[in-house]
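Here is a short briefing to read alongside the model. Keep the viewer open and follow the topics one by one.

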Amino acid sequence: MNPADPSRQLLDPPRVDRILRRMAHEILEKNQGPAGLYLVGILQGGEPLAKRLADLIESFEGIRPPAGALDVTLYRDDLSGREALPLLRQSHLPLSIDGKKIVLVDDVLFTGRTVRAAMDFLVDFGRPARIMLAVLVDRGHRELPIRADFVGKNIPTAHDERVLVDLAPGAESVTVVRPSQGDLHA
C-alpha cells in the first residue's frame, strides 16, 4: 500500500459478482432450495445486497424469494449517545415473517450490534422459523457473540479502519480506508 494513500481496494466488480453468486448458492444449499426463504436487508447497505441475492436465486431456481428491508435505528443501543436526532428510513416487510427462514443481509459485519438490533426488530414483528445472517464482508472486532452463516469475504482490519462498500451496478467495490495522519491528531 502506498503510504500517501490511506485506502486500498480489496474487491472489484467481477470479484463482488463472483462472491454474491457463491453466497446465493450457499444460501440455497443450506436451505434445500428457495422454499420458505425470506431475504431481509439491513438498511442501508444490506438492502441492495438482499435484492441482488434474491435476483440471483431467481435466476438459478426460477423462484424469487421475497426481499424486505429493516431500519434498525430505533433498536440500536447507542441512541442516547448521539448528539443529533437519527435519520429514520422506512422498513419494508412485504409478507409476514412467521414461519419463514429469514436471511438477514448486511454489507459489513463489525461489532455485531447492528445485527442484534435487527434480530430484536424481527422478533417484535413475528416468529420466524429461523434467522440466518449473510454479510458481504466480515471485518472482525465483535463485541457480541454473533457470527455470520454466509460470508462473502473475511477482511481483517484494524479497529480504526473503515470498510467502504459501493454497490453501484457495474462499479461495485470494497475498500479499506485507514485514518490519515491528520485524522490521528484531530
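Gln9 has Thr175 as its bridge partner in β8. That pair belongs to the contact between β1 and strand β8 (residues 173–177), which run antiparallel and are joined by four bridges. This is a predicted model, in which local features need pLDDT of at least 70 and side-chain atom pairs count only at pLDDT 80 or more, while totals for chains, interfaces and linings use all residues. Residues are numbered from 1 along each chain as its sequence is written, and side-chain values use heavy atoms, with hydrogens and water left out.

**The sheet**

- β1 and β8 belong to an open sheet of three strands with antiparallel pairing, in the order β1-β8-β7. Strands here are DSSP runs of E with at least two residues, helices are runs of H or I with at least four, and both are numbered from the N terminus; two strands pair if DSSP finds at least two bridges between them.
- From one strand to the next, the twist averages 25 degrees, with axes as lines fitted to C-alpha atoms and angles running from 0 to 180 degrees between N-to-C directions.

**Aromatic rings**

- The structure holds two aromatic pairs. Rings of Phe, Tyr and Trp (its six-membered ring) pair if their centres lie within 6.5 Å; planes under 30 degrees apart count as stacked, over 60 as edge-to-face and the rest as tilted.
- Tyr75 and Phe121 form a tilted pair, because their planes stand at 50 degrees, with the ring centres 5.1 Å apart.
- Tyr75 is in the loop between β3 (67–70) and β4 (101–109), and Phe121 is in helix α3 (residues 113–125), so this pair ties together parts 46 residues apart in sequence.
- Phe121 and Phe125 are stacked, at 4.8 Å centre to centre and 25 degrees between the planes. Both lie in helix α3, four residues apart, about one turn of the helix.
- Together, ring pairs link Tyr75, Phe121 and Phe125 into a cluster.

**Accessibility in the cluster**

- Phe121 is buried at 8% relative accessibility, Tyr75 is partly exposed at 23% and Phe125 is exposed at 51%. Buried means under 20% relative accessible area, exposed over 50%, and partly exposed in between (1.4 Å probe, protein chains only).

**Charges over rings**

- Arg139 lies over the face of Phe110, 3.9 Å from the ring centre.
- Lys30 has its charged end over the ring of Phe150, 5.6 Å from the centre. The criterion is NZ of Lys or CZ of Arg within 6 Å of the ring centre and within 35 degrees of the ring normal.
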